[in-house]
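Please read the following note with the structure open beside you, and look up each place as it is named.

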Amino acid sequence: MTTKVLRKVPRTSRRQQYSASTKRALVDVATELFTERGYAGTSLDEIVAGARVTKGALYHHFSGKQALFEAVFEKVEAEASKTIHKAVRGNDDPWEKSMSGLRKFLEVVQEPGYRRIVIQEGPAVLGYERYREQEERSTFGIVQEIVASVLESYALEPSMVETFSRVFFGAMSAAGSAVSSAEDPRRASAEVEAAITFILAGLRQQAESGERLPGPDDLVTDEAPGPGEEAG
């Protein structure tokens with residue numbers, strides 16, 4: 001006879017529920033205000049008034065305005081990542097997967113909240129290192145997935161796939177900033193899509209022809225010029 005042991009699942013207390021709803025309200029209101037007015041143009045007094053909580057409640061959850069902004073940044077990035085990931089997962093063909101991800105990314109960077117909070121305000125408020133760390137945590141994995149599927153037929157070393165991912169990630173990040181700050185974002189988005197499509201078309205043609213991509217060993221010579229010497 002087998003005796004089943006049932007684990008008691010701890011209930012969430014009303015205090016915990018209230019605390020979670022308070023934090024969520026602060027982040028939601030801060031998201032709206034940071035999007036509309038920017039980081040510098042938004043005060044903590046406006047945020048707590050909008051969330052209908054006290055400033056003491058805000059400091060219970062966040063050390064200050066920058067910490068609250070970081071929570072907003074993480075929320076906006078997580079939502080964007082989820083949206084792009086859903087578009088990517090909807091395709092089995094690696095080339096269609098990459099184009100679906102690209103198109104959805106270009107849609108996301110044109111959204112007011114993403115443009116203002118992530119691209120325009122993020123680097124200045126969080127600092128470059130923290131900004132890149134947050135960005136990589138949310139979207140780099142998607143880029144790796146796309147690149148790995150596109151390059152699967154080449155049987156490259158993992159280090160080369162990582163390098164490709166870094167290059168594409170940097171290019172996409174720069175493209176997102178360019179689209180977001182463009183006078184005509186839709187035109188800029190179309191130009192980025194055309195450029196990336198051209199690059200992917202070249203990779204696809206080479207893959208289907210059976211040609212091998214050159215690796216680092218093909219590009220690095222054994223003899224390097226010494227100090228003061230010129231390469232031959």
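**Notes on the predicted model**

1. Ala51 has its place in helix H2, which covers residues 44-51; helices (H or I, at least four residues) and strands (E, at least two) are DSSP runs, numbered from the N terminus. The model is a predicted one, in which local features need pLDDT of at least 70, side-chain atom pairs count only at pLDDT 80 or more, and totals for chains, interfaces and linings use all residues. Residues are numbered from 1 along each chain as its sequence is written, and side-chain values use heavy atoms, with hydrogens and water left out.

2. Is Ala51 buried or exposed? Ala51 counts as buried because its relative accessible area is 12%, where buried means under 20% relative accessible area, exposed means over 50%, and partly exposed lies in between (1.4 Å probe, protein chains only). Leaving aside neighbours within four places in sequence, Ala51 is in contact (heavy atoms within 4.5 Å) with Ala25, Leu26 and Val29. The C-alpha atoms of Ala51 and Asp28 are separated by 8.2 Å, although the two residues stand 23 residues apart along the chain.

3. Ala25, one of the residues that Ala51 contacts, sits in helix H1, residues 14-37. Ala25 is partly exposed, since its relative accessible area is 23%. From C-alpha to C-alpha, Ala25 and Val48 are 9.1 Å apart in space, while in sequence they are 23 residues apart.

4. Arg52 lies in the loop between H2 and helix H3 (55-61). With a relative accessible area of 79%, Arg52 is exposed. The backbone of Arg52 deserves a look as well, as phi is near 60°, a positive value in a residue other than glycine.

5. For the span of residues 43-62, UniProt lists "DNA-binding region" in an unreviewed entry; UniProt positions are given in the numbering used here, feature names are shortened, and annotations may be inferred rather than shown by experiment. In the model, residues 43-62 are 75% helix and 0% strand, and the end C-alpha atoms of the span lie 14 Å apart.

6. Lys75 belongs to helix H4, residues 65-89, and counts as partly exposed because its relative accessibility is 25%. Which residues does Lys75 touch, not counting those up to four places away in sequence? They are Val27, Asp28 and Thr31.

7. Gln134 lies in helix H7, residues 128-150, and is buried, with a relative accessible area of 3%. A polar contact of 2.9 Å joins the side chains of Gln134 and Glu74; such a contact is a pair of N or O atoms within 3.5 Å, where, within protein, one must be able to donate a hydrogen and the other to accept it, and residues adjacent in sequence count only if both atoms are side-chain atoms. Beyond residues up to four places away in sequence, Gln134 touches Glu70, Phe73, Glu74 and Leu126.

8. Ser180 has its place in helix H8, and it counts as buried because its relative accessibility is 1%. Not counting residues up to four places away in sequence, Ser180 touches Val109, Arg115, Ile119 and Gln120.

9. How many cavities of 30 Å³ or more does a search of the whole structure find? The search finds one, and the largest cavity has a volume of about 390 Å³. Of the 27 residues that line the largest cavity, the closest to its centre are Leu102, Val143, Ile146, Phe168 and Met172. On a 1 Å grid over the protein atoms alone, a cavity is a set of points where a 1.4 Å probe fits but cannot get out, and lining residues have an atom within 4 Å of a point; grid points are joined across faces, edges and corners, and a volume is the space filled by probe spheres set on the points.

10. The largest share of the lining of the largest cavity, eight residues, comes from H7. Helix H5 (94-108), helix H6 (112-126), H7, helix H8 (158-181) and helix H9 (185-209) each supply at least two residues of that lining.

11. Finally, the chain as a whole: its secondary structure comes to 10 helices and zero strands, and buried residues make up 38% of its 232 residues.

Definitions and conventions:
1 Å grid on protein atoms, 1.4 Å probe; cavity = no way out; pocket = protein on both sides within 12 Å on 5 of 7 lines; lining within 4 Å.
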